[in-house]
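Good morning, and thank you for coming.

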Amino acid sequence: MPLRLDRERFVATMEEQARIGATEAGGLHRLALSDEDKEVRDWFTERMEDAGLAVRVDEFGNMFGRREGTNPDANPVLVGSHLDSQPYGGIYDGQLGVIAALEFVRSLNDAGVETTHPIEIVNWTNEEGSRFQPAMQGSGVWAGAQDIETEYAKTDEDGVSFVSELERIGYRGDDPAEPREEYEAYLELHIEQGPYLEENGKEVGVVTGIVGFTWGGLTFHGEADHSGPTPMHYRSDALVAAADVITAVRRIPGTLGERTVGTVGYAKVHPNSINIIPDEVTITWGFRDPDDEIIQEAYERVLAEAEHAADREGVDWEHEERMRAPSVTFADTCVDAVQTAADDLGLDSMRIFSGAGHDATHLHSVCDTGMVFAVSENGKSHNESEYTSWDDCYAAASTLAEAAVNLAGR
Ligand code: HGY
Ligand code: MN
Ligand code: MN
Ligand code: MN
């Protein structure tokens with residue numbers, strides 16, 4: 001008999017979290033380690049305590065809630081996602097996975113189910129990687145993919161350090177940011193953030209893996225000059241060099257894989273005045289693909305483009321690595337558990353490979369890992385108009401719960 005989630009309570013809890021850092025347009029502005037992130041963390045702590053979970057926070061701010069199983073020696077099943085948001089993002093990205101994990105535990109309590117394995121739910125620190133790079137930073141440190149001291153020293157664009165913000169909001173916990181035991185499995189529910197489930201008329205996605213990433217920051221140093229009297233051949237225009245790379249990042253994917261994507265999402269121009277030739281421009285670039293070799297090829301291509309652009313314009317340039325994450329393919333144990341759950345619930349599902357990054361990328365190196373996708377209407381995400389119907393949220397959350405309780409042994 002599948003576990004029944006309390007739909008009304010689940011929706012009410014999703015709506016409650018969405019009010020913390022809410023934007024006028026109905027989205028979220030809840031950047032990692034901001035006041036809004038603190039507020040939602042405090043709120044989530046109370047919700048976990050209300051559900052009878054033993055709450056702990058590690059030294060990187062990752063938050064865990066533990067529910068004991070009948071066999072204390074059994075490896076825990078870990079379920080969760082992230083509560084931080086993009087600037088002006090949606091209310092489902094990450095949030096849905098954390099609230100579904102909470103509702104899963106509440107439903108176990110309602111049903112009086114004692115699982116064999118302990119259950120832990122988790123809110124990972126700074127999954128979005130917008131304010132501080134890299135993305136999936138909290139799970140990356142916890143899984144050993146990133147060095148904690150290096151990550152502590154990262155700064156945002158105002159020069160504020162990660163660790164000072166973590167301490168300011170009171171979430172630099174005592175526990176080491178690493179697994180303190182073996183885990184049976186990790187499951188994450190997330191919105192698809194793409195168009196395929198909706199295009200194929202499916203109710204849930206059985207995720208088979210996640211693309212690899214490479215991100216970087218390029219800064220071009222030119223000469224500030226008056227935009228009027230300075231002849232064109234006298235100029236060292238940092239923005240022209242950056243513009244060449246921006247168009248190259250758009251062009252490179254078409255020469256590589258079918259699923260290769262490239263984006264320049266951030267640009268900062270100094271002095272940013274209509275009649276001064278820009279002397280310093282920073283842009284970020286990012287490529288993703290299921291094939292790590294293509295990722296490496298894209299990386300080499302964009303740096304070669306930067307070199308050529310700087311030479312052409314007579315400017316200096318520097319590059320900063322922002323992130324590298326491998327492409328991962330999930331273990332059959334978890335893919336099968338999610339598939340079986342969707343089938344048992346009579347949901348129409350399809351296998352899907354994630355084009356977005358998730359904390360599951362790093363959990364993959366720690367234990368068997370799987371994901372459930374919920375439908376994204378119009379494939380929209382990282383946009384305040386991100387939308388998933390409550391029916392689709394509930395179907396995906398029920399699939400997650402069913403897969404998790406089967407892995408944990410009811
Ligand atoms: O960039 C990503 O895919 C995720 O939203 N951090
Ligand atoms: Mn996310
Ligand atoms: Mn996101
Ligand atoms: Mn994620």
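I shall speak about the ligand site, then the loops, and finally the packing of helices.

This is a predicted model, in which local features need pLDDT of at least 70 and side-chain atom pairs count only at pLDDT 80 or more, while totals for chains, interfaces and linings use all residues. Residues are numbered from 1 along each chain as its sequence is written, chains are lettered from A and ligands numbered from 1 in the order in which they are written, and side-chain values use heavy atoms, with hydrogens and water left out.

Let us begin with the ligand. Which residues surround ligand 1? They are Glu127, Glu128, Ala135, Phe213, Trp215, Arg288, Ala356, Gly357 and His382; a residue is near a molecule if one of its heavy atoms lies within 4 Å of it. This shell consists of four nonpolar, two polar and three charged residues. Here Ala, Val, Leu, Ile, Met, Phe, Trp, Tyr, Cys and Pro count as nonpolar, Asp, Glu, Lys and Arg as charged, and the others, Gly among them, as polar.

Some of these residues make polar contacts, that is, pairs of N or O atoms within 3.5 Å. The side chain of Arg288 places a polar atom 2.7 Å from an oxygen atom of ligand 1. The side chain of Glu128 has an N or O atom 3.0 Å from a ligand oxygen.

I turn now to the loops. Helices (H or I, at least four residues) and strands (E, at least two) are DSSP runs, numbered from the N terminus. The loop between β4 (119–123) and α4 (137–142) contains Pro134, which is joined to Gln133 by a cis peptide bond with omega of about 5°. Asn126 lies in the loop between β4 and α4, and its phi is near 45°, a positive value in a residue other than glycine. Another cis peptide bond runs from His270 to Pro271, with omega near 5°. Pro271 belongs to the loop between β9 (267–270) and β10 (280–289).

Finally, the helices. Two packed helices are described by the angle between their axes and the distance between the axes. Axes are lines fitted to C-alpha atoms, for helices over the stretch in contact, and angles run from 0 to 180 degrees between N-to-C directions.

How do α10 (residues 332–344) and α12 (residues 390–408) meet, and at what angle do they cross? Their axes come within 8 Å and cross at roughly 125°. The two are therefore oblique to each other, since angles under 35 degrees count as roughly parallel, over 145 as roughly antiparallel, 65 to 115 as roughly perpendicular and the rest as oblique. Helix α1 (residues 7–18) packs with α12 at about 110°, the axes being 11 Å apart, and so α1 and α12 are roughly perpendicular.

Notes. A polar contact is a pair of N or O atoms within 3.5 Å; within protein, one must be able to donate a hydrogen and the other to accept it, and residues adjacent in sequence count only if both atoms are side-chain atoms.
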